[in-house]
Amino acid sequence: MDAAARSMGAWRLSGVTLYVTLEPCAMCAGALVQSRVTRLVFGAMDPKAGAVGSLYNLAEEPRHNHRLQVSSGILADESRLLLKSFFERLRAKKQKN
């Protein structure tokens, strides 16, 4: 988001669509709202920490000054597999060290 803001020359990311594999946590969802991202597209839900539908829905909270459009479950199985394989490789790398 920082790189996008620098590229656009403004902190408001109006018109921006962010694509991520995992549902954002509360801190990330808050950053999306505060930076005025227009749309969020994500794959896998996060039942432990998700804040855009799983535990909370900060993206559509009526008390916030901005709400973003959310599309969830897009390529959910592929996203889960990508995340699982990433963390398996990370754990394997740590075991080697």
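**Calls on exposure, salt bridges and strands**

Visitor: Why is Arg-80 called partly exposed?

Guide: Its relative accessibility is 42%. Buried means under 20% relative accessible area, exposed over 50%, and partly exposed in between (1.4 Å probe, protein chains only), so Arg-80 is partly exposed. The model is predicted, so local features need pLDDT of at least 70 and side-chain atom pairs count only at pLDDT 80 or more, while totals for chains, interfaces and linings use all residues. Residues are numbered from 1 along each chain as its sequence is written, and side-chain values use heavy atoms, leaving out hydrogens and water.

Visitor: What makes Asp-77 and Arg-80 a salt bridge?

Guide: Their closest N and O atoms are 2.6 Å apart. A salt bridge is a side-chain nitrogen of Lys or Arg within 4 Å of a carboxyl oxygen of Asp or Glu, so the pair counts. Both residues lie in helix H3, three residues apart, or about one turn of the helix. Asp-77 is exposed, at 56% relative accessibility.

Visitor: How many salt bridges does the structure hold?

Guide: There are three. Another of them joins Arg-6 to Asp-2, with the closest N and O atoms 2.8 Å apart. These two are four residues apart in helix H1 (residues 2-8), which means about one helical turn between them. Arg-6 is exposed at 60% relative accessibility, as is Asp-2 at 52%. Arg-63 and Glu-61 also meet through their side chains, at 2.6 Å from N to O.

Visitor: Are Arg-63 and Glu-61 buried or exposed?

Guide: Arg-63 has 73% relative accessibility and is therefore exposed. Glu-61 has 17% and is therefore buried.

Visitor: What makes E1 and E3 edge strands?

Guide: Three strands form an open parallel sheet in the order E1-E2-E3. Strand E1 (17-22) and strand E3 (69-71) each pair on one side only. Helices (H or I, at least four residues) and strands (E, at least two) are DSSP runs, numbered from the N terminus.

Visitor: How do you know that E1 and E2 are joined?

Guide: Five bridges link E1 to strand E2 (residues 39-44), and the two run parallel. Pairing requires at least two bridges found by DSSP, so E1 and E2 qualify. Leu-18 has Leu-40 in E2 as its bridge partner.

Visitor: Why is Gly-73 called partly exposed?

Guide: Gly-73 has 41% relative accessibility, so it falls in the partly exposed class. Gly-73 sits in the loop between E3 and H3. Its C-alpha atom is separated by 16 Å from that of Ala-49, 24 residues apart along the chain.
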